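Take a look at the chain below. Start with the overall outline, then follow the charged side chains.

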Amino acid sequence: MSSQGDKEPVYRDCVKQCVRTNCTGARLNGFLSAQPQYMALTGWTCRDDCRYQCMWTTVGLYQAEGYRVPQFHGKWPFARFLCFEEPASALASLLNGLACLLMLLRYRSTVPRQSPMYHTINAFSLVSLNAWFWSTVFHTRDTYLTEKMDYFCATAVILYSIYLCCVRTLGLKRPGVSSMVGALLILVFTSHVSYLTFVSFDYGYNMAANATIGMVNLLWWLCWCWQNRRTLPYWWKCGLVVMLLHGLALLELLDFPPLLWVLDAHAVWHLSTIPVHFLFYSFLIDDSLYLLNTEKLGVKVE
């Protein structure tokens, strides 16, 4: 994706000159021999380094003329830390993954395997962990592959959350319904990924698609919470989680240049979701134990 900064002639000329001077022959060998191992392992090339240096040259010119800081290749300029392209977002993604892993382990140690939702929740946790892994990788190093994996895995989490909701609200009494919904969601995911991969990687479409399925997820969970507000004392945890997740996503709309060239709206959004994992798994534990007890007593599940 091109942006105002990388369209500037001064930036383009700078990159061309840098590549011509530093990325061929003996200069290239010198760059490779001096490059830290962690930079080489994460795929940073001489051309990438030229783009990074020229980005800051262009930013300096913009600031000197009193203009607003531009974006480059669809992103704000970030101060690279070691091999991390977006240090704050990478750290926030890692912390989200660790929170998810910690609560998954707590769930497994607290809830017996016989609980009706046990395996579905474990699968959801693995899908979430995979998404946070790729989010961390993408914010560490933005490439064609890591960007696609970050976007696709994030979509998979939302779709699986819908499936989780379907199993909890319908599937325990009507397994056939949840199977059909699961097949439909797999078809939706396959179509979504195929379009973005083989037709057009349309950022606007991707955002609209995720917003749509996110709204389905939000409304379905909230309807279930409302229906069970008098019978399940922990219903509010689920309602608060889905409201927080969708409300906090609005932080991305702020879209400001990164503070200290590190902290932008996307990083703030990821940092804000870390505590939500603890509340969500608290709900899942309460609900799984409730289902287990009602199953033992032969009580109708709501």
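**Surface and outline**

The chain has an accessible surface of about 15800 Å², and 67% of this belongs to carbon and sulfur atoms. Accessible areas come from the Shrake-Rupley method with a 1.4 Å probe, and for residues only the protein chains shown count as cover. The model is predicted: local features need pLDDT of at least 70, side-chain atom pairs count only at pLDDT 80 or more, and totals for chains, interfaces and linings use all residues. Residues are numbered from 1 along each chain as its sequence is written, and side-chain values use heavy atoms, leaving out hydrogens and water.

Along its principal axes, the C-alpha trace spans about 75 × 35 × 35 Å. The chain holds 13 helices and 0 strands. Helices (H or I, at least four residues) and strands (E, at least two) are DSSP runs, numbered from the N terminus.

The domain assignment, which is automatic or from a database, gives domain 1 (4-65) and domain 2 (87-297). Their centres, taken over C-alpha atoms, are 37 Å apart.

Of the 302 residues, 44% are buried. Buried means under 20% relative accessible area, exposed means over 50%, and partly exposed lies in between (1.4 Å probe, protein chains only). Now consider contacts (heavy atoms within 4.5 Å). Among those between residues at least 6 apart in sequence, 71% join residues at least 24 apart.

**A nonpolar patch**

Which residues form a nonpolar patch on the surface? They are Leu91, Leu94, Leu95, Leu98, Leu101, Leu105 and Leu271, with about 570 Å² of accessible area together. Patches are made of residues with over 30% relative accessible area and no salt bridge; like charges are joined within 9 Å, nonpolar side chains (Val, Leu, Ile, Met, Phe, Trp, Tyr) within 5 Å. Helix H6 (residues 87-110) gives the largest share, 6 residues. Leu271 sits in helix H12 (residues 265-272). Leu271 counts as partly exposed because its relative accessibility is 35%.

**Charged pairs**

Side chains of opposite charge can pair when their charged atoms come close. A salt bridge here is a side-chain nitrogen of Lys or Arg within 4 Å of a carboxyl oxygen of Asp or Glu. The count comes to 9 salt bridges.

Find Asp48 and Arg141. They form a salt bridge, with their closest N and O atoms 2.5 Å apart. This pair links distant parts of the chain: Asp48 is in helix H5 (residues 46-64), while Arg141 is in the loop between helix H7 (118-140) and helix H8 (144-171), 93 residues apart. Asp48 counts as buried at 16% relative accessibility. Arg141 counts as buried at 10%.

Arg141 also meets Glu85 in a salt bridge (3.5 Å, N to O). Glu85 lies in the loop between H5 and H6, 56 residues from Arg141. Glu85 is buried too, at 18% relative accessibility. A network of salt bridges links Asp48, Lys75, Glu85, Glu86, Arg141 and Asp142.

**Helix H11**

Which side chain does Lys237 meet in a salt bridge? The partner is Asp286 (2.7 Å, N to O). Asp286 lies in helix H13 (residues 274-297) and Lys237 in helix H11, so the pair ties together parts 49 residues apart in sequence. Asp286 is partly exposed at 25%, whereas Lys237 is buried at 13%. Other buried residues of H11 include Cys238, Gly239 and Leu248.

Helix H11 (residues 235-248) has 14 residues, and its end C-alpha atoms are 20 Å apart.

Notes. The expected span of a helix is 1.5 Å times one less than its number of residues.
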